[in-house]
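Q: Let us read this model together, one feature at a time. Please give the general idea each time, then the case here.

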Amino acid sequence: MEWIEDTTHELMELLDVPDDAYEVHRNTVVFPVPEDEAAGFPPLPEGYGFKGGVARKALARTLRLPISTAAVRDIDLLRDADTPPDHDRELAERYMTDDLIHGDAKVEAVINPRDYFTTREVTVNQAWFLHDEIEITHLGLFDTLGGIVRVTQEHLNQNFGRAHPIVAFKVLRFAANMEAKGRVPVIPPFRVNFRSSPHPFTFLLELLLIRAFEGGHEVAEHYIELARQWNLLSKADLPDHTTAVEAAEVLKERLTDYHLVFQV
């Protein structure tokens with residue numbers, strides 16, 4: 001614990017973050033978000049907050065980091081254990097419209113903070129923006145600052161030491177977003193569990209390619225290149241030399257039953 005505290009303080013000092021702007025807890029670091037900064041995010045009822053991309057963006061803004069500068073397409077919400085689900089449907093319709101259409105819109109209820117943080121699949125997502133505070137695990141913070149896109153050990157433990165295919169493609173999409181912004185991501189090696197999904201492997205590649213295209217053609221091309229480097233294009237029966245647009249066309253023809261739409 002002592003080395004974690006020391007490392008956190010050293011990093012914050014390098015970033016010119018004053019000591020009173022954060023608190024180091026046993027498993028997490030907490031950053032109070034100034035009122036004027038919090039006002040720049042979508043308004044939510046008391047007890048509701050953000051996870052995912054908005055939480056990452058809030059952390060970047062709070063630390064004045066030149067990362068997570070693009071608009072957040074996915075707004076993922078959560079609420080604390082003491083907040084009833086009265087506003088779940090209303091907020092899902094307002095902020096999670098795409099997920100609502102596909103039947104995946106759900107405001108996550110945080111019953112136990114430890115359970116929340118240990119069920120994330122990627123370390124940089126071990127964070128939330130709730131009650132005007134950003135809370136993130138130590139490793140999540142270190143990886144965010146270091147440009148590391150890491151599958152969590154908890155996810156690997158639950159999948160016999162391998163990453164679920166959708167998590168593998170999520171990692172590659174996160175890394176592609178970073179590359180498109182001029183950063184050099186680091187992806188610690190992991191193996192993929194090719195048998196752990198009821199959906200075709202090609203569908204999972206397609207789903208995250210759609211998300212990559214939403215970030216722009218450059219992100220999509222980086223995503224396909226990373227999939228090639230990780231030998232995942234051949235696993236999806238796509239030629240190594242394929243472009244993002246060509247992959248999108250092939251996958252649309254193969255997976256017509258899924259009715260997914262590319263912003264190509």
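Q: Which residues of H3 are buried?
A: Buried means under 20% relative accessible area, exposed over 50%, partly exposed in between (1.4 Å probe, protein chains only). In H3 the buried residues are Gly52, Gly53, Val54, Ala55, Lys57, Ala58, Leu59, Ala60 and Thr62. This is a predicted model: local features need pLDDT of at least 70, side-chain atom pairs count only at pLDDT 80 or more, and totals for chains, interfaces and linings use all residues. Residues are numbered from 1 along each chain as its sequence is written, and side-chain values use heavy atoms, with hydrogens and water left out.

Q: Why is helix H3 described as largely enclosed?
A: Helices (H or I, at least four residues) and strands (E, at least two) are DSSP runs, numbered from the N terminus. Helix H3 spans residues 52-62, and nine of its 11 residues are buried, so the rest of the structure largely encloses it.

Q: What covers the buried residues of H3?
A: Look for contacts, meaning heavy atoms within 4.5 Å. The cover includes strands S2 (28-32), S3 (48-51), S6 (127-130) and S7 (133-137), and helix H7 (138-146).

Q: Which residue just after H3 takes a positive phi?
A: Arg64 does, at about 60°.

Q: Is Thr8 buried or exposed?
A: Thr8 sits in helix H1. Thr8 is buried, with a relative accessible area of 0%.

Q: What does the side chain of Thr8 reach?
A: A polar contact is a pair of N or O atoms within 3.5 Å; within protein, one must be able to donate a hydrogen and the other to accept it, and residues adjacent in sequence count only if both atoms are side-chain atoms. The Thr8 side chain reaches the backbone oxygen of Ile4 at 2.8 Å. Beyond neighbours within four places in sequence, Thr8 is in contact with Tyr22, Val24, Val29, Leu141 and Phe142.

Q: Where is Glu5?
A: Glu5 also belongs to helix H1 (residues 2-14). Glu5 is partly exposed, with a relative accessible area of 31%.

Q: How many helices and strands does the protein chain have?
A: The chain has 13 helices and nine strands. Its radius of gyration is 19 Å, close to the 18 Å that the globule rule gives for 264 residues, so the chain is as compact as a globular protein of that length. That radius is taken over C-alpha atoms; the rule is 2.2 Å times the number of residues to the power 0.38. Of the 264 residues, 47% count as buried.
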